[in-house]
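Here is a short briefing to read beside the model. Please keep the sequence and the 3D view open as you go.

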Amino acid sequence: MEKSELAEVAVNRIERVFGEYPLYRRAHARGVIYKAKFTANGNAEGLTIAPHLQKGETEAFVRFSHSSPNPEWTDVMSPVKGMAVQFKLPNGKVTNIVGVNAPIFFARTPAAFTEMLGVVNSFKDGKPPLRELAELLIRYPESRAAVKILKKMHAPVSFATGIYHSMHAFYFLDQEGKRTPIKYEWIPDAGIETLDAKDLAEIPAGYYEQEIEKRVKAGTANFQLAIVLGKADDPTDDPTVEWPRERQRIIVGRLKIEELAEQTDGMKFDPTEMSDGILCSEDPILHFRKDAYSISHERRIAEKK
Ligand code: HEM
């Protein structure tokens, strides 16, 4: 399928605003990949026929990342961290969950995302200039909720102490084809722990990568996978809106992070790549990501040659 021109423009703009870093992902540039094992507990069996969510074990890869497109930013300049999980299915295909440690996104549509990048000239010290930000929030009131969260956000103590959210909704499909709207959350066994301002100055670059390696070796970097069940009025097409906190959560399995994997450049965690039994929602940002990730992947692979 033709990739959207808008996705091309968006990736070009990311490069212009944050700088060009050949070989790196155009977002979440710095990260580390681990091998993991997912054990489904069977609680999702009535809701989806997805193979990795039937009781049993599935091999997986996890990439933890710092959100900045600039790999030279220090660890604490990007408090938003990523957790991308790729499950290896018995049929040789894969299915992904690609989330971050914030519940909502700042743009409702690909056009808004791309326009915002066009307005912002540069990110200095991890932040857009205040005047530009203020103007954007007048034009895009739906972005205010995410910006408010980001302003207050503290970096986690560890990659293993954040809750990672899919932000987008998906549909689970059961045997009869009945659809249930869901979102995902990875909940850390280690609990949620953030750094306070006085710790930040002392964090050296690469701290998170060293820290998670210690936890993995000790067997303590593990997560539970929760699904949040949407109700009829919960939007499935808008990542700027959080579903009410009281929505039911079901723990459907546990991810044990086992050992460092080969740090290959070839992997792509496309958030729309799904197994049978799971459908992407109508969310336009989710669908836009497919093309943006492909463009970034193609560029960084071409740069290797
Ligand atoms: C307009 C929306 C978005 C655009 C254009 C975008 C763009 C990108 C690009 C270009 C990459 C690098 C892909 C690669 O080279 O493999 C990336 C990675 C990533 N993005 Fe996004 N993104 C968007 C929204 C989101 C959202 C909503 C989330 C969280 C729910 C997210 C989480 C991540 C994560 C965790 C990675 C790293 C994946 C990995 O480890 O390979 N992004 N994004």
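Tyr-207, Tyr-208, Glu-209, Glu-211, Ile-212, Arg-215 and Val-216 are the buried residues of helix H6. This is a predicted model.

**Helix H6**
- Helix H6 runs over residues 207-218 and has twelve residues.
- From first C-alpha to last, H6 reaches 17 Å, close to the 16 Å expected at 1.5 Å a residue.
- An α-helix has 3.6 residues a turn, so residues three or four places apart point the same way.

**Iron contact**
- The protein gives the ligand's iron atom a single donor, the OH of Tyr-293.
- That donor is 2.0 Å away from the iron.
- Tyr-293 sits in helix H7, residues 284-304.

**Ile-182 in strand S7**
- Strand S7 spans residues 179-188 and includes Ile-182.
- Ile-182 counts as buried because its relative accessibility is 0%, and the cut-off for buried is under 20%.
- Leaving out residues up to four places away in sequence, Ile-182 touches His-168, Ala-169, Phe-170, Phe-172, Ile-227, Val-228, Leu-229 and Trp-243.
- Ile-182 and Ala-226 are 44 residues apart along the chain, and 9.7 Å separates their C-alpha atoms.

Key
Residues are numbered from 1 along each chain as its sequence is written. This is a predicted model: local features need pLDDT of at least 70, side-chain atom pairs count only at pLDDT 80 or more; totals for chains, interfaces and linings use all residues. Side-chain values use heavy atoms; hydrogens and water are left out. Helices (H or I, at least four residues) and strands (E, at least two) are DSSP runs, numbered from the N terminus. The expected span of a helix is 1.5 Å times one less than its number of residues. Buried means under 20% relative accessible area, exposed over 50%, partly exposed in between (1.4 Å probe, protein chains only). Donors are N, O and S atoms within 2.8 Å of the metal (3.2 Å for Na, K and Ca); water is not among the atoms, so sites may look incomplete. Contact means heavy atoms within 4.5 Å.
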